[in-house]
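Subject: Handover of a structure and notes on its contents

Dear colleague,

Please find the structure below for your records. My notes on it follow directly after.

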Amino acid sequence: MRAWLWLLCLTGLAWSAPGLIEVKGGRFTPLYSLEQGPNQQPRSVVVKPFQIQSKAVTNQDYLEFVTENPQWRRSRVATVFVESNYLKHWQSDLAFEPGLAHRPVVFVSWFAARAYCQARGLRLPTILEWEFVGLASERHEDGQADRDFQKRILDWYSRPARLDLPEVSDTFRNVYGVYGLHGVIWEWVDDFQSVMLSGEGREGGGLDRALYCAAGVSGSANPQDYAGYMRYAFRSSLQGRYCLANLGFRCAQGDPSTKGRRR
Amino acid sequence: MSKFAKFVLLGLALAGCVSAPVPQPPQSPSSPRLTPSATPIELSRDSIYHLSGEWQDHNGKATELRRLRGRIRILAMFYASCKGACPRLIQDMLVLEKGLSPVARARVGFVLVTIDPDVDSPARLAQVAQERGLDLQRWQLLRGDLPQVQDLGALLGFRFRRTSATDYAHSNLISILNSEGELIHQQVGLGIDPAESLAVVQGLLEKEELPACCRE
Amino acid sequence: MSQDRLLSPQWLSIALGLLLIGCAGPKPGETGTDTPAKAGSSAIQGEEVAVLTDAPNVPPPIERKHATKVIVNLEVKEAEAELADGVKYTFWTFGGKVPGKFIRIREGDFVEFHLANHPSSKMPHNIDLHAVTGPGGGAHASFTAPGHETTFSFAAINPGLYVYHCATAPVGMHIANGMYGLILVEPKEGLPKVDREFYVMQSEFYTRGDYGRRGLQPFSMEKAIQEKADYVVFNGSVGAMAGDNAVQAKVGETVRLFVGNGGPNLVSSFHVIGEIFDTVYSEGGTTKNHHVQTTLVPAGGSAITEFKVEVPGSLILVDHSIFRAFNKGAIGMIKVEGEENKDIYSGKLNDAVYHGEGGAIQSMPDGKAPTAPVAKSKEDRIRLGQALFKQHCVACHLDAGQGIPNVFPPLAKSDYLNADPLRGASAVVNGLSGKVTVNGAVYDSVMPKLQVSDEEAANVITYVLNNFGNKGGEVTPEQVKKVRK
């Protein structure tokens, strides 16, 4: 009897977990890696299985969060955590145009995104998790060889930011069932600060020794991965307070540690 | 137990499940929230000390960032096993300390925060202080969990990442905070001429001598 | 907000810190030159905001005889505009247009450079000015996220005409999308006075479709790597300096052209048909050459050419790698008005019959750009549709149209399509989500809408209808237009 009640409780709780998809993890070589092999090429890493929300956090989702957490409302938030254009597209602390409800929330800072995920018992995905699940095309877990897919990603990067973002279900869906990882918005990651490109595209990784203490210049895995370059360049231009027109987020959970291996 | 009672129990249990709220984690120390202000004057909205969370100092004593309020602070993030840059960074801070007049020195605090909390225990931090001859009347070394370190780093524009089991790549950054914890100035790089930073500290000291009404 | 203002002195300090690092001394490989402090030192008087202009205009020559602090405000904006007739492209610009604004300063000036990145930009950007001596030419210090502004300073130690461009990874793509311009550092004594000065910048564009293919053309990384340019143009688009957009001069005037080459790949063989360059400042430096017909402008480099116009008519600017001029758009024009001067050029004096041996008649290709092909028949549609099918549909529906069970419906022998082909057209131009039943199986997936024109949609649906065992028939652009939401 008691077991049955517990089962019902657990099912209820699981059902209220916000749209998480299981990603079984695996080995891949990210464009820039934590560690380098002898010729300064990034080592492959193993990403452990994790869960990630199938859709980006929407304005409606974020409204629930600020309703429950008044210290994150636009008029009250500590300005050290957000820029002046925090939730600029909303009409007031708790209101926005109805059409925005199911579209990704933007103009939120990293601190705000982190607080949201924490309030849901989750966290932001790490760069490696995001890049891993981002490899997938509509049909394959590793879409790197699919030139048409890579072209479409590049196409999106070459168009200016749209203010009319599509609804989160109305976007590119990859083989895992995760929507909108490409072609909609940039997304916050938990460890964006670990990207330390100088922004100078010609130094192949560009760690300026006087600015950063590091063992050496980090090389990149695949010089053909232009979309990857752009994502890393974008992340390294960010500060935690930034609120941008086309930067949103989704949450994840799981063990974020990864394992490398000597080649 | 009677059938009726069982039904009531089942109903209550289900009601409990259905109304279960979205799982709330235990109050995580690193979630940035506005904690109720202990002092009568509300903390500036631009202050870094809005970061709540428990830290330990080099004595192992529990503390919060809010405790740093009330004094100008010169702060850097580092790790104890860092061979190259961090010793030079600490040296640059010592140069700043020496460059202040004795009167000024009494009103300025120096803070080192470790980015390697698993390795840098309070005891290890105390050891660093001793090795470098840091005057613990003015210097504090702090240790907090990784999410808090990430939060603090993000507020200061400090970037870091692990490069091996023991090492990190990180920014070389010395930050100057006023007594409200607002970031006023940063010295970027190593071996930088202290004149500009000293001028900033001097300016802050003069400004903070003015009564509250007449500051900017 | 105070926090935003707060960050500006912070960034300025960081930038100045970087400048100090950069100026620490000559690096290995660099020849030791005067230290920056000397060039800029006590001579700086006053402050002014730089006047910036769009091509083909140039800011006025500098009159002052002393160095000053110059404030440059440059905004990066990603904007869609016309590359050629009917061809649109998303340009990444310095100042709203390609090429970027012309900056004119004087040797010894101290520049405070503000780079703003418009909030609508998708990408972060920065700037590398070839006039800057310092890390990355300013690229490190100016790395700017969308909706932000960064500031850095430099001393203009060397005179000359310099290219500037964006240096954010992937650099080739940023340059290829239009992120380049010219900065002129006038020598202390100034340049000799001329009557007209113009700004001309050559560059290439690499598009998914061939030259002239209408519609919004995306950038093609493949073609850029292979250096197979579709468009080679002056001042950012085909015809930007021709016809009604030609620049003017009068007989007897001296003309100076500030010529830049943004690349990203091709070197220019710059020539003005009907003129000889009296003076060429080779590669934008101080060495002068005279009586030059065609001068090389390196990619990422410049040249200054001067000539006096003696007779009226149209002077045609070309890249003398001549197929670029006549087939890819590298043509500009200077219209010269005034009195004829028969002593210098008489025009045609006589035309008589000549009986020679053999000799086929040569015809000049006309310079008009070919228009995009439009289907004139069902066969045309099928043919045009095949390329589109390969480009857009094969990824999901596979190359025999068989689809993937439970994931993507088949196009082969598709009862859904054959019953009403306009449903297919609607899926293409509007997207399709939710449950559909095709050949007895239920599919519940999402098809994003394709960025194709009515013509293209009609062509691809007609192709599918006439292949893979479907019933045949034709769909017209007018029908597609009706179902487009």
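A:Arg120 lies over the face of A:Tyr116, 5.0 Å from the ring centre; such a charge is counted if NZ of Lys or CZ of Arg is within 6 Å of the ring centre and within 35 degrees of the ring normal. A:Tyr116 also belongs to one aromatic cluster with A:Tyr62, A:Phe65, A:Trp90, A:Phe96 and A:Phe249.

This is a predicted model, in which local features need pLDDT of at least 70 and side-chain atom pairs count only at pLDDT 80 or more, while totals for chains, interfaces and linings use all residues. Residues are numbered from 1 along each chain as its sequence is written, chains are lettered from A and ligands numbered from 1 in the order in which they are written, and side-chain values use heavy atoms, with hydrogens and water left out.

The mean pLDDT (the predictor's confidence in each residue, from 0 to 100) of chain A is 81, and 75% of its residues reach 70 or more. Over residues 11-16 of chain A, pLDDT stays under 50.

Across all chains, 32 aromatic pairs are found; rings of Phe, Tyr and Trp (its six-membered ring) pair if their centres lie within 6.5 Å, with planes under 30 degrees apart counted as stacked, over 60 as edge-to-face and the rest as tilted. One of them is the stacked pair of C:Phe113 and C:Phe152, at 5.4 Å centre to centre with 25 degrees between the planes. C:Phe113 lies in strand E5 (residues 110-117) of chain C and C:Phe152 in strand E7 (residues 148-155) of chain C, so the pair ties together parts 39 residues apart in sequence. Helices (H or I, at least four residues) and strands (E, at least two) are DSSP runs, numbered from the N terminus. Both C:Phe113 and C:Phe152 are buried, that is, under 20% relative accessible area, where exposed is over 50% and partly exposed in between (1.4 Å probe, protein chains only).

In chain C, helix H8 (residues 421-430) is mostly covered, with seven of its 10 residues buried. Just after H8(C), C:Gly431 takes a positive phi of about 85 degrees.

In helix H6(B), the buried residues are B:Ser197, B:Leu198, B:Val201, B:Leu204 and B:Leu205. Seen down the axis of H6(B), they fall within an arc of 120 degrees (taken from the directions from the helix axis to the C-beta atoms), so they line one face of the helix.

With kind regards

Conventions
Contact means heavy atoms within 4.5 Å.
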